[in-house]
Amino acid sequence: NDGSSLQSLQIVASSELNDPLLTFGSAVEVTGILKKSPSQKQPVELEADQIHVVGECNPLDFPFKIKERHGLEYIRQFPHLRCRTNAFSSLLRIRSEATTAIHSYFKENDFVQIHTPVITSNDCEGAGELFQIEPSKSENEEDENFFSVPAFLTVSGQLHLEVMSGAFSRVYTFGPTFRAENSQSRRHLAEFYMVEAEVSFTQSLEDLTKVMEDMFRSATEHVLAYCAEDVDLFHKHVTPGHKVSPEGHLFNFGTYPGSLFLITYSEAIDILNRSSEKFDFSTHWGCDLQTEHEKYLVKHCGNIPVFVTDYPYDLKPFYARDNEDHPQHTAAAVDLLVPGVGELCGGSLREERLDLLRARLEEVGLEDTYSWYLDLRRFGSVPHGGFGLGFERYLQCILGVDNIKDVIPFPRFSHSCLL
């Protein structure tokens with residue numbers, strides 16, 4: 001097997017081949033095989049001198065046993081070897097195709113890709129805990145910042161995309177983001193990938209939900225078309241019972257009867273309060289929805305993707321657009337909740353009104369820090385909005401994988417940075 005697919009090549013050699021290094025797990029180079037038709041189903045017969053062991057392996061020490069199915073949790077212990085298992089090689093092919101599909105979707109829909117920085121001086125207020133960047137050795141005895149200002153690993157490319165939305169009508173970025181959350185849960189990583197997009201000339205959340213939905217459909221259809229065998233392996237042997245198909249529930253975007261594609265946060269709280277479910281976290285108006293709440297809402301609405309809109313204004317960062325709907329006071333924000341995961345996408349319309357934005361920044365004491373952000377409104381602005389999608393959560397959703405550490409090549413999380 002060369003990693004290109006799950007299909008393996010069976011080679012039959014004569015009894016003259018008696019190489020003691022030829023064992024399970026060893027790396028083998030085969031010559032002369034291209035003379036055979038690749039569509040031929042019969043074993044390929046070769047001479048002994050056409051088979052060479054180029055990397056020996058002691059099968060007694062090799063952690064993966066022949067004809068034995070190993071669970072994701074077991075192979076996670078061997079980040080340097082788990083790509084050699086069928087399950088993880090399938091995952092990596094799926095991940096590669098999903099990446100291609102997302103880039104293709106944005107290209108076909110006239111988005112410009114922006115490489116937002118990994119090192120940044122802004123903290124994207126409210127996005128998560130930060131990793132601060134410092135040199136391992138300081139050349140100066142004085143306590144100075146390398147960049148003259150505190151710098152961090154990015155938690156989001158959103159604010160940089162907003163800068164670009166002043167020059168382009170549609171922009172996106174797809175890259176690593178970092179959160180310094182001291183958690184080893186199944187939902188958290190210290191390093192993960194985010195797909196983020198910003199759309200100009202919009203004053204409607206529906207414009208954002210359409211991009212979220214279309215991207216989800218397009219990427220998933222591509223993965224099912226180009227990785228059918230790999231997806232089937234997961235659904236049969238790794239996550240039995242989970243099924244994704246164009247006719248399946250993940251493609252049925254629609255929600256609570258009486259609303260189109262979405263429910264409001266207020267409706268969500270009403271559903272949770274009327275539930276007989278015992279939640280660990282309270283469900284009053286103004287509370288932040290927890291994973292248990294999100295999963296219940298998805299289940300309540302028929303196990304299909306659910307858009308939740310119009311969150312309490314105080315729950316959202318300064319850049320979320322004020323709906324000015326007192327006394328409840330909500331922001332024009334939207335989350336996409338999906339089966340098995342909960343929140344997959346989060347976004348909002350951005351506050352384009354300079355007076356309201358300035359007042360909000362003054363209220364939270366950030367007017368000086370984000371004076372450049374006010375410039376984006378001072379020097380010619382248009383109504384716009386955007387969202388972010390957690391790429392690993394997307395893979396969890398379509399494959400049914402429970403632990404986020406099993407859908408990324410090299411997981412980084414609290415107290416673990418192997419390799």
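The legends below describe close-up views of a predicted model.

**View 1. Strand 11 and its two neighbouring strands in the pairing pattern.**
Strand 11, which spans residues 306-312, is mostly covered, with six of its seven residues buried. Strand 10, made of residues 262-264, runs parallel to strand 11 and is joined to it by three bridges; one of the residues taking part is Leu 262, whose bridge partner in strand 11 is Phe 307. Strand 12, which covers residues 330-338, runs antiparallel to strand 11, and six bridges join the two. Within this view, Val 308 can be found opposite Asp 335 of strand 12.

**View 2. The loop between strand 11 and strand 12, with Pro 327 and His 329.**
The loop that leads from strand 11 (306-312) to strand 12 (330-338) contains Pro 327, and the peptide bond that reaches this proline from His 326 is cis, with an omega angle near 10 degrees. His 329 is found in this loop between strand 11 and strand 12 as well, and its phi angle is near 65 degrees, a positive value in a residue other than glycine. With a relative accessible area of 19%, His 329 falls under the 20% limit and therefore counts as buried.

**View 3. His 415, in the segment after helix 10.**
Helix 10 covers residues 391-399, and His 415 lies in the segment that follows this helix. The phi angle of His 415 is near 65 degrees, which is a positive value in a residue that is not glycine. His 415 has a relative accessible area of 72%, which is over 50%, so this residue is classed as exposed.

**View 4. Cys 83 and Cys 417, each shown with the cysteine sulfur closest to its own.**
A disulfide is a covalent bond between the sulfur atoms of two cysteines. With a pair of sulfur atoms required to lie within 2.5 Å, the count of disulfides in the model comes to zero. Cys 83 is in no disulfide, and the nearest cysteine sulfur, which belongs to Cys 57, is 13 Å away. Cys 417 itself is exposed, with a relative accessible area of 57%.

Key
Residues are numbered from 1 along each chain as its sequence is written. This is a predicted model: local features need pLDDT of at least 70, side-chain atom pairs count only at pLDDT 80 or more; totals for chains, interfaces and linings use all residues. Side-chain values use heavy atoms; hydrogens and water are left out. Helices (H or I, at least four residues) and strands (E, at least two) are DSSP runs, numbered from the N terminus. Buried means under 20% relative accessible area, exposed over 50%, partly exposed in between (1.4 Å probe, protein chains only). Two strands pair if DSSP finds at least two bridges between them.
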